[in-house]
Amino acid sequence: MTEINPYLPEPATILETIQETPTIKTFRVRLDDPAKMRSFSFQPGQVGQLSVFGAGEATFVINSSPTRLDHLQFSVMRAGEVTSRLHGLAAGDKVGVRAPLGNHFPYEAMKGRDIVFIGGGIGMAPLRTLLLFMLDNRADYGKISLLYGARSPVDMAFKADLPDWTARSDMTTVLTIDREAEGWEHTVGLIPNVLLEMAPSPDNAVAVTCGPPIMIKFTLQALKRLGFGDEQIYTTLEKRMKCGVGLCGRCNIGAKYVCVDGPVFSYAQLRELPNEL
Ligand SMILES: Cc1cc2nc3c(=O)[nH]c(=O)nc-3n(C[C@H](O)[C@H](O)[C@H](O)COP(=O)(O)OP(=O)(O)OC[C@H]3O[C@@H](n4cnc5c(N)ncnc54)[C@H](O)[C@@H]3O)c2cc1C
Ligand code: FES
């Protein structure tokens, strides 16, 4: 087995890009060393550092599924220097990949339980990897529901996945936007309100949520109203990272390092951390 060194960026080639929204671009990449690509493995929720030569590196969740390893997928929202340079790249261009880093969703402990995914905007990225993994191991899980929201239809990412997710009979998918828009045939309403209307049962269920801080705040309140306990709710943190391997101290919250103890935390674990988020 060819070992991958998490301290060194592996040269990789962009196979394909998808302009998801005006500010989110998806990159499908493959490591240039075929032996390293063949032996690459990761767990749903783990992240990678993508580097643009001459610009630096930034952290993104690997949002493809470990059950589909012909490429690694990252979806990048434009924020500053590195992400803007990434948005300028196209198929055939080179990037560096340091991965996999961090912990993962406890998908083993979730077996046999109902799963409620609640994603907002680019926060759908970490959910996508776990959702695809569960759909590829469908018999292991109970009911699967997805609530995915964006501000407007144009801000909705992963459009290539949506026809499959909405058509499948083995999951329930609700897509929502904040305000009415011409041609929109799905739900209209803010994610926490739509979640309360969906009213998933907390019995033997786990909720996995990721999105902007304001959405998370009100989604947590909605989940509590529905009866979900702190240990039944998982999210991922996006505290800025540098080394990614627990050495530089850049990503700490109290005694925890997001890069090695996270980015996945249960709400019960988050409540134990100092309020620095
Ligand atoms: C564990 C983890 C997973 C992530 N997954 C994804 C993902 O899948 N897709 C994605 O688009 N982004 C993701 N991010 C965020 C992404 O890493 C940052 O947007 C990126 O590092 C910005 O780099 P930049 O050089 O373009 O911007 P910079 O020039 O470094 O920053 C531009 C602006 O964004 C702010 N900023 C930068 N990073 C963060 C951050 N982590 N949290 C809040 N504000 C920030 C800066 O303060 C500044 O205002 C993730 C971050 C972490 C830590
Ligand atoms: S990023 Fe260096 S310790 Fe976490």
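Colleague: Is cysteine 248 buried, partly exposed or exposed?

Modeller: Start with the scale. Buried means under 20% relative accessible area, exposed means over 50%, and partly exposed lies in between (1.4 Å probe, protein chains only). Cysteine 248 has 40% relative accessibility, so cysteine 248 counts as partly exposed. Keep in mind that this is a predicted model: local features need pLDDT of at least 70, side-chain atom pairs count only at pLDDT 80 or more, and totals for chains, interfaces and linings use all residues. Residues are numbered from 1 along each chain as its sequence is written, chains are lettered from A and ligands numbered from 1 in the order in which they are written, and side-chain values use heavy atoms, with hydrogens and water left out.

Colleague: Where does cysteine 248 sit, and which residues does it touch?

Modeller: First, two terms. Helices (H or I, at least four residues) and strands (E, at least two) are DSSP runs, numbered from the N terminus. Contact means heavy atoms within 4.5 Å. Cysteine 248 is placed in the loop between β12 and β13 (252-253). Not counting residues up to four places away in sequence, cysteine 248 touches Lys242 and Cys243.

Colleague: At which residues does UniProt place the feature "binding site"?

Modeller: Treat such a record with care. UniProt positions are given in the numbering used here, feature names are shortened, and annotations may be inferred rather than shown by experiment. The unreviewed UniProt entry places "binding site" at Cys243, Cys248, Cys251 and Cys259. These residues are spread over 17 residues of sequence, yet they cluster in space, with a largest C-alpha distance of 10.3 Å.

Colleague: Is cysteine 259 buried or exposed?

Modeller: Cysteine 259 counts as buried, because its relative accessibility is 3%. Cysteine 259 lies in helix α7 (residues 258-261). Leaving aside neighbours within four places in sequence, its contacts include Leu101, Met241, Val245 and Cys251.

Colleague: How do I read a helix such as α6? Which of its residues are buried?

Modeller: Begin with helix geometry. An α-helix has 3.6 residues a turn, so residues three or four places apart point the same way. Now the case here. The buried residues of α6 are Met215, Ile216, Thr219, Leu220, Ala222, Leu223 and Leu226. They cover an arc of only 165° around the axis, which puts them on the same side of α6. That arc is taken from the directions from the helix axis to the C-beta atoms.

Colleague: What covers that buried side, and what does the opposite face carry?

Modeller: The cover includes β7 (114-120), α5 (191-198), β11 (205-210), β12 (233-236) and α8 (267-271). The face turned away from the buried side carries the exposed residues Pro213, Ile214 and Arg225. Take arginine 225: at 69% relative accessibility, it counts as exposed. Arginine 225 and alanine 91 are 46 Å apart in space, C-alpha to C-alpha, and 134 residues apart in sequence.

Colleague: How many residues does α6 have, and what follows it?

Modeller: The expected span of a helix is 1.5 Å times one less than its number of residues. Helix α6 (residues 213-226) has 14 residues and reaches 20 Å from its first C-alpha to its last, close to the 20 Å expected. Just after α6, glycine 227 takes a positive phi of about 100°.

Colleague: How many salt bridges does the structure hold?

Modeller: A salt bridge is a side-chain nitrogen of Lys or Arg within 4 Å of a carboxyl oxygen of Asp or Glu. The structure holds 14 salt bridges. In one of them, arginine 98 meets glutamate 57 at 2.5 Å, N to O. Arginine 98 lies in strand β6 (residues 94-101) and glutamate 57 in strand β4 (residues 56-61), so the pair ties together parts that are 41 residues apart in sequence. Arginine 98 counts as buried at 5% relative accessibility, while glutamate 57 is partly exposed at 29%.

Colleague: Which residue does arginine 128 pair with?

Modeller: Arginine 128 forms a salt bridge with aspartate 161, with the closest N and O atoms 2.7 Å apart. This pair links distant parts of the chain: arginine 128 is in helix α3 (residues 124-135), and aspartate 161 is in the loop between β8 (144-150) and α4 (162-167), 33 residues apart. Both arginine 128 and aspartate 161 are buried.

Colleague: How many helices and strands does the protein have?

Modeller: The protein has eight helices and 15 strands. Of its 277 residues, 52% count as buried.
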